Amino acid sequence: MRLTQFSDNALRCLLALGLQPDQVVSINIIAVQMGMSHEHLMKVVHRLHDLGYVETRRGRHGGVRLLKAPADIVLGTVIRQTEDNLDLVECFNSETSRCPIAPACQLAGMMDEALSAFLGVLDRYTLADALLNRAALVPLLRAARH
């Protein structure tokens, strides 16, 4: 399984904001710190705003900040909300599946179980858990600005 760049960038954006939870951070700064496209990050931030994770502010001192405490942001939920399609195999979608053996195949059930396990593990963790190594993360972000 591989997450989309969108979900990866959403998680990295939340991490950057989680390191500065009470601050409004420029999208440009996050893009530079995390090595991502400004345009793509704008789309990510818009989605995170729509999902209620962040607040955005316009203007000279604008930017983005967390609306929820890191301990209230469950990683599994973020993935479910930012991934367009969690169908690991074609037959997960009965409307578009062209697999001739789908009615008798056991593979789809195995893949569904694996996906459930993957998301189940992420459901046990929050953004706060991902920020436990704050002392090592903060200097890396600062270094990325320059």
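Predicted model: local features only at pLDDT ≥ 70, side-chain atom pairs only at ≥ 80, totals over all residues.

Reader: Fine. At what angle do α1 and α4 pack, and how far apart are their axes?

Author: Helix α1 covers residues 5–18 and helix α4 covers residues 75–82; they pack at an angle of about 140°, with axes 9 Å apart. Angles over 145 count as roughly antiparallel, and α1 and α4 are therefore oblique to each other.

Reader: Is that crossing left-handed or right-handed?

Author: Right-handed, for α1 passing α4.

Reader: And which residues meet there?

Author: From α1 you have F6, S7, A10, L11 and L14, and they meet L75, V78, I79 and T82 in α4. Sorted by class, this contact of α1 with α4 has 7 nonpolar and 2 polar residues, and no charged ones.

Reader: OK, what about α1 and α3, how do their axes cross?

Author: They cross at roughly 75° and come within 9 Å. That makes α1 roughly perpendicular to α3.

Reader: Who's touching whom?

Author: On the α1 side it's Q5, F6, N9, A10, C13 and L14. They meet H40, L41, K43, V44, V45, R47 and L48 in α3. The contact of α1 with α3 divides into 8 nonpolar, 3 polar and 2 charged residues.

Reader: α2 and α3 next: what's the angle there?

Author: Roughly 115°, with the axes of helix α2 (residues 27–34) and α3 coming within 9 Å. The crossing of α2 and α3 is right-handed. I27, N28, I30 and A31 of α2 make the contact with H38, L41, M42 and V45 of α3. By class, that contact of α2 with α3 has 6 nonpolar and 2 polar residues, with no charged ones.

Reader: Switching topic: how much space lies in the largest pocket?

Author: About 240 Å³. The elements giving two or more residues to its lining are α3 (38–50) and β1 (54–57).

Reader: Which element gives the largest share of that lining?

Author: α3 does, with 4 residues.

Reader: Can you list the residues that line the largest pocket? What are they?

Author: I27, M42, V45, H46, H49, T56, R57, R58 and G63. The lining divides into 3 nonpolar, 4 polar and 2 charged residues.

Reader: Last one, zooming out. How many helices and strands does the protein have, and in what pattern?

Author: There are 7 helices and 2 strands. Along the sequence they follow the pattern α-α-α-β-β-α-α-α-α. As for overall dimensions, the C-alpha trace spans about 60 × 30 × 25 Å along its principal axes.

Note on methods:
Residues numbered from 1 in each chain as written. Heavy atoms only, no water. 1 Å grid on protein atoms, 1.4 Å probe; cavity = no way out; pocket = protein on both sides within 12 Å on 5 of 7 lines; lining within 4 Å. Points joined across faces, edges and corners; volume = space filled by probe spheres on them. Nonpolar A, V, L, I, M, F, W, Y, C, P; charged D, E, K, R; others polar. Axes fitted to C-alpha atoms, helices over the stretch in contact; angles between N-to-C directions. Parallel < 35°, antiparallel > 145°, perpendicular 65-115°, else oblique. Left-handed = near helix turned anticlockwise from the far one by under 90°. Contact = heavy atoms within 4.5 Å.
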